[in-house]
Every structure is written in structure tokens, then in C-alpha cells.
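Q: I would like to learn how to read helix packing and sheet order. Can we work through a case together?

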Amino acid sequence: MKNHLQTIDYWKTRLENDSQRDWQYDKEDWIEDYWESRKHPHRNSIIAELQKLKPFTSLAEIGCNCGPNLARISEEFSNVKLKGLDANKESIERAKWLLPEVNFRHGSYLSLPWEDKSIDVILADATLMYSDPQEIYTAMSEIRRVCKKAVIIVDRFSRLDRNNGHIWSRNYPELLKQYSFKVINKIKITKDIWPGSKNWAKEGYIFVAVRQ
């Protein structure tokens, strides 16, 4: 994969016929590749952490793309109200067709379309890494505003904020602490959890935090 800086605007304006692929499934287009990735092993780890957070009645994923996580979650938590948000309109339109039972919205996690403390669990899977140093604080403020119980963040960890020319790695435990969340579990991503990616096996973590 070509190493180039990806930003929120990159994902917002990315066209369906973009030839670059983020998952190596070689489907019809990159959005279809995301849908195929619902089988990816790291999503099993997300499900396992959600099981530990029960009971909860609502969950929203920010940066949901066409809904691979939400498809898996809907299978395991049939009574939970699910919502999804993504900046890419084509991904959201595909998601609405694939998962009509989920409430999908087109928009930015810099301005979440939900009321204060209206959602039990917020999920951000490989999403916040595309926020620049100013945007991440806006994003965390919005997460704190709408989140009632807990947040799960799957992302790259670094003790000091660092950009590798492609994405940002951050100290998410400290960042979560600043926004009134307490990390209750920190799972190192291994080669078994994220096969085929040296970077995820090197820096990837799943952070589970509860609102204080």
C-alpha cells in the first residue's frame, strides 16, 4: 500500500472507484472489501469486550464504513439499538442497503448527530488515527458528550503523539483520562488478532474505558 497521509477529508471525498485497497479481498471495490472484512479476526476481540460490558441497550460506531462491525454486533446483540456514522456518503448508502435494521447517518465524528449521554457504548475502530492534533480533541469532546457508559477504541498506541506520514499514533489511556474515562482493559493486538500487518502487531491496541 502506498504510504500517504490520510485525513478526515480523504475519507469524506473518497470515491467508490478508488483503486487503492485497505483490505486484500479483491472484491468489486474498496467498500465491498470493507464489507468482506466483517470476517476479520480483530472483530472477534471487539465482540468479546462488548460481552464484558453487558448489559447495554444502545451502541454507535463512528467511522463505521459500510458496517462490518455492526453486522457482527447485530448477530450477537439482537436487542441492542445500533447506530452508525461515517463521513463517506457512498459507504453509508451501501450500509443502509446491507443493514436496514441499523440507523446509519452520514456525517463527521467532529459533530456527532446524537443527544447528550444518549448512547451507552461508543465504538471507534481504526478511525481516530486520521484526526490531526486539533481534531482529536474535538472528537473526544463529542464522544464524551454523547457516551453514557463506555467506549471501545481500536487504534495505534504511542506514549507521545506521533505521525508516521500515514496516520497518528497516540497515548489513548492518557487521552481518555482527560475526558473523564477510565481504561478498564487494554488488549495488545497480536498477529493472530490482526494477521498480515506488522504495524498493527507492533502498535495496535484495543482500549476499553468506562465513563467516570
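Q: At what angle do the axes of helix H3 and helix H4 cross?

A: Axes are lines fitted to C-alpha atoms, for helices over the stretch in contact, with angles from 0 to 180 degrees between N-to-C directions. Here H3 (residues 42-53) and H4 (residues 68-76) cross at roughly 45°, their axes coming within 10 Å. H3 is therefore oblique to H4 (under 35 degrees is roughly parallel, over 145 roughly antiparallel, 65 to 115 roughly perpendicular, the rest oblique). Helices (H or I, at least four residues) and strands (E, at least two) are DSSP runs, numbered from the N terminus. This is a predicted model: local features need pLDDT of at least 70, side-chain atom pairs count only at pLDDT 80 or more, and totals for chains, interfaces and linings use all residues. Residues are numbered from 1 along each chain as its sequence is written, and side-chain values use heavy atoms, without hydrogens and water.

Q: Which residues of H3 meet H4?

A: Contact means heavy atoms within 4.5 Å. From H3 come Arg 43, Asn 44, Ile 46, Ile 47, Leu 50 and Gln 51; they meet Pro 68, Asn 69, Arg 72, Ile 73 and Glu 76 in H4.

Q: What is the strand order of the open sheet?

A: Strands of a sheet pair through backbone hydrogen bonds, parallel or antiparallel. This sheet has seven strands, ordered E3-E2-E1-E4-E5-E9-E8, with mixed pairing (pairing needs at least two DSSP bridges). E3 (103-106) and E8 (181-188) are the edges: each has a single partner strand, so one side of each lacks a neighbour in the sheet.

Q: In which sense do E1 and E2 pair, parallel or antiparallel?

A: E1 (residues 58-62) and E2 (residues 81-86) pair in the parallel sense, over five bridges. Ile 62 stands opposite Leu 85 in E2.
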